[in-house]
Amino acid sequence: MSDTVTINIDGMEYEVAAGSNLVDAAKWHAGNDIPVFCYHPKMDPVGMCRMCLVELGTPARDRATGEVALNDDGTPQIRYFPKLQTACTTVVSDGMHIKTNTQEVIDARNDVLEFLLTSHPLDCPICDKGGECPLQNLTMRHGPQSSRMYFEDKQLLDKHYPLGDLIFLDRERCIQCARCVRFQDEIVGDDVLAFHERGRRLQIITNSDPGFDTYFSGNTTDICPVGALTTGDFRFGARPWELNEVPSISPWDCAGENISLSMRLDRDFDGKAMIKRVMPRQNEWVNEIWISDKTRFGHHFTRSEDRLQKPHLKSGSQLRESDWKTVLPQLAATLQNAGGDIAAIAGSGMSNEDLWELRQLIEGLGGTRLGAWPPTHGAAQQVAQVGVGAGTNLGQLGRGDAILVIASDLEEEVPMWRLRIKQAQDRGAYLVVANARRTRLEDFAIQGARNDKVVAGDAIRYAAGEAAAVMRDLKKNHADVAQRLTAADNLVIVTGAEGLTLEGSQALAQAAANFLIETKHVGRPNNGLLSVLPGANGMGLHYLGYSPGATQEIIANPPKVLIVVGADLLDDDPSARGWLESIDTVIAAKHFDDGISEYAAHLLPIQSFAERDGSFVNGERRVQRFYTAQGPIGESLPAWKLFGSIRQAAGLARLKPSAATVMLELSQSVDDFDGMTYKALAEVERQFPDVGGRDQYYGGTAYTNDGGLGIQIASAADRGQKPKTAKLTTPAIIDVGENEVIVMPIICLYNRQRSFRPTLLLEPRILSPFVIINSADAEQMGIAHGDAVEVVAGESRVRVHAQVSDEISRGAVALPRHMTDEAIPMSLMSGVINRVTEAVASGD
C-alpha cells in the first residue's frame, strides 16, 4: 500500500501523505488555507463550526468490476457529494477532488459567519484579541459586511467571568467551538471545563475547585479563535501590533520550552523594553506549541523591585553599595591572593556561557572544584552516556513503545514532560509509574481508558529510599512489567530524585542505564534515559565540568574563597549557615539576596535570562539559545561578562565582546559543543503543523520558530561507543530511630522560591505549607488531618499543616520544599513530627 495519495484541489494535483486530514494536506501541500474555527491540528476533528465546508468528490467506480469509471477523454469520472462536506472530518483518499472557491462554498462561509455574529459583541476596538483574531480576520475575508439581525434580539451575557485566578471568559464573545474544553480533555487530561445549558444559552463553565485547576490553562487563550478567553496577566495590557517578539527559552525546568517574549517599551519600566506576555514558540522536538502556566506567567521576577541592582562591597561589618570600577580590581586581587584555594558553586539556571567563563576564571587561578547546585540529582553522567538517542521526539512514541517514570512527580517537576508522556500513552504507549507516593502521572498510568480509548499502564509503589533497588530488581520482583518494557519497540526511562539521597539518585540512574543496555534500548532514536535534573541547564553544568559531588566536597572542605553564582544556598540548605561561616571570603553573584549578604564580602547583581543572550542544554541534551529581550535591571551584568571582566582585571585574558564570542570559544574547546555556534543554533526548518502565520485560526497564536530549533548533543552510545553495564551499589537504608519517620522532600510547581514570589497572579494557587502523613502513622502519632505540626529533621525545623492520606507509604512523610521561609532538607533523612495545635473545625 502506497504511503502517498494524489488529490486534486481547485484543479491542481498534489501528492500527499495517505491518511492525512484534508485541512492539513491542503495547507501543507497547496498553501490553501481552508478556514476553520473548531478544528485544530493537535486535536481530533469534530466538525462543529461548519466553517470548513467544501465541495468534495471521489472517483466513480464500476459496480460490477470495482474499476474507476472513465470519461470519454480517459480522465476519471468524479462524483461530487450532493451537499457540501466538512473538510476537517475528511481523510484524503486517492483521486479525491476538492473545490474550495466555488460560489456555493463562498455562500456557505458567509452564512456560517453571519450566524456566528448574530449575538457577537461589536467591541473589537477594546478586545485583547484585536489584531490577531481569527474571527475578525475571517469575517473580513469571507463574511457579511453588514448585519440583518435585530439588535434587540442580541444576548447580553457576562463580560468578565473568572474561570479561575488566571483566565477570564467573555461569554458574549464565545462561539462554542469547544477548543478549550477539548484541549483540557484530550491533550492535558485535566477535564476541568465543560459546556452548560443548550442552544443559544450554551456556555463554558469550570467544574473544578479551585476553578480551571490545571497547569496548562494559558494555552486555551492561544487556541481560542475569538477574544472569549484572556489571561489575567495580559488582559488590557497592550495591543498585539505594538509588541516585538523575541525568541527565548523557559528558565524554570529541564524541558527547555521554547517561548516568545512579547516586548514593548513601557512607561511602567522607565521607558525600557519589558515583557508584556510570554507565548509558546513552536518546537515539535521539545514542547510542540504548548507551554506550562509557570512558564507563561512566571516572568515577573525579571523586573522585580527586589532584584539586586548595584554591586555591594563589604566595608567593616556591612555591605555597602559600590560600582564596578571599584569592585572588579578588588575581586581580582582577592582571588589572586587565595593561593589557588578557590572554588565555585553554580546554580542550574546559569547559561553555558556563564559557566564557561567562570570555569576559565577558577582554573586560571589554580582552582579545580566546580560545584553544581542543588546537589540533589546525580544522573547527568548516565544521561550523557545512554541518554535518549539522537533524533528522539517524545511526540513520536506510541503503540508498541513503553515509558517508565521512577522517583519523580513530573506533574510538579517538569509539567511539559508529563503532558507529552500522557499523550504518548494516549497513542498506545505502555506507561509505568513507580514512586514512594501517589502522583498525577500514576493516575493516568492506571486509568485503563479515556476518551473512548483503551490505555495501558501499571504503577509500582515502594518505600521511601528504595527506588534504586526496585529498578535493579525489576525483572525479579515485577516480571510482567519488566517483560513488557523489554519487549517494547522503543523504551524511554525517566528517573528523578524524589525520596532519594544524592547517592541514591546516582544509583537509580545507573540501574536504569543497566536495564536499557541489557534490553538494547540505547543509541537509537526514542530510546534511552532521561532524568529530571533541576533548573534549565542541569545538563549544561555536567558538560562544563560542574558536579554535585564537587559541591559536597566543597561543603566538607571549604575553600578560602568561594564564588556562588545563581544558587540560593540559604533558601535551599538548612545547614548552609554552618559551612558558610568557615569560608574566609564569599563572593555571591545573584538576582536576589537570600540572606547570603550576611556572609558575603561581595554581593553582585547579574542579569536574568530575559536581559542577555545565552544558551541552555535541556534534559534531552538539546542546546538551545535565547536572545536579549528586556532592558537590564540597574547595573546588573551578564554573569559571563562579570567573570570575563574579573579575568581581564587579573591579567588572565581579555574580555570577550559578546556572548556569541564566548559560545564560539566554547564550541572550539569542549568536544560536546563542537560546531554549536550561535548561527548553527539559530537554524530552523518548516515544522508540521504549520502554525504561526497570518492564518491564526488554524493553530492559534503560537509563534513560528525563527530563533532556532537547537542541536542535540550526541550521547556516548550515539557516537558508537558500546555502553557497558556498571556495578551497582545501592545506598544503605536510612536509620530511623524510635518515634522517627523518614522525611522525603518533594517539589510543588507553585511555591515560594525567591524568583517565583514576584508572580503575584499565581500566589492564590500556592498551597499553605503542609506535610503528607500516612493515615496509620498519623493515628499512631495522635495527629488528625489539618493539625498544625512541627517537622524537625537535621538542622531544619518548620511548622506546617498535616495532610493525612494513604497516598504515601508508611514510615515516611512528604514535605514540599520552598513552601516556608525556612529551608527544609534537600534530600531524604530521618526526622520527628510533633503536633502543635489541633485542626480548626470547619465553620468555627
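Modeller: A residue is called buried when its relative accessible area is under 20%, exposed when it is over 50%, and partly exposed in between, with a 1.4 Å probe and protein chains only. The model is predicted, with local features needing pLDDT of at least 70 and side-chain atom pairs counting only at pLDDT 80 or more, while totals for chains, interfaces and linings use all residues. Residues are numbered from 1 along each chain as its sequence is written, and side-chain values use heavy atoms, with hydrogens and water left out.

Helices (H or I, at least four residues) and strands (E, at least two) are DSSP runs, numbered from the N terminus. Arg-625 has a relative accessibility of 11%, so it counts as buried. Contact means heavy atoms within 4.5 Å. By that criterion, and not counting residues up to four places away in sequence, Arg-625 touches Ile-249, Arg-281, Asp-613, Gly-614, Ser-615, Tyr-678, Leu-681, Ala-682 and Gly-707. Pro-280 is 345 residues from Arg-625 in sequence, and their C-alpha atoms are 15 Å apart in space.

Two of these contacts lead to further elements. Ile-249 is a partner of Arg-625, and strand β12 covers 244-249. Tyr-678 and Leu-681 are also partners, and helix α23 covers 678-681. The loop between α23 and α24 (696-699) holds Pro-689, which a cis peptide bond joins to Phe-688, with omega about 0°. Pro-210 is in the loop between β10 (203-206) and α5 (218-223). Most residues other than glycine have a negative phi, and most peptide bonds are trans.

The loop between β10 and α5 also contains Phe-212, a residue other than glycine whose phi is positive, near 50°. The relative accessible area of Phe-212 is 2%, so the residue is buried. Phe-236 also has a positive phi, of about 60°, although it is not a glycine; its place is in the loop between β11 (229-231) and β12. At 55% relative accessibility, Phe-236 counts as exposed.

Asp-409 sits in the loop between β19 (402-406) and α10 (410-413) and, at 5% relative accessibility, is buried. Beyond residues up to four places away in sequence, Asp-409 touches Asn-435, Arg-437, Thr-439, Arg-440 and Glu-498. Asp-718 lies in the loop between β31 (711-712) and β32 (741-746) and is partly exposed, with a relative accessible area of 24%. Its contacts, leaving aside neighbours within four places in sequence, are Val-388, Gly-389, Ala-390, Gly-523, Arg-524 and Arg-621. The C-alpha atoms of Asp-718 and Gly-387 are separated by 8.9 Å, although the two residues are 331 apart along the chain.

Helix α21 (residues 639-649) has 8 of its 11 residues buried, so the rest of the structure largely encloses it. Among the buried residues are Trp-640, Leu-642, Phe-643, Ile-646 and Arg-647. The buried residues of α21 pack against α7 (324-336), α8 (352-364), β26 (561-565), β27 (585-590), β28 (600-605) and α22 (659-669). Just after α21, Gly-651 has a positive phi of about 75°.

For the chain as a whole, there are 25 helices and 37 strands. The radius of gyration is 29 Å, close to the 28 Å of the globule rule for 844 residues, so the chain is as compact as a globular protein of that length; the radius is taken over C-alpha atoms, and the rule is 2.2 Å times the number of residues to the power 0.38. The C-alpha atoms fill a box of roughly 95 × 70 × 65 Å along the principal axes. Buried residues make up 60% of the 844. Of the contacts with a separation of 6 or more, 74% join residues 24 or more positions apart.
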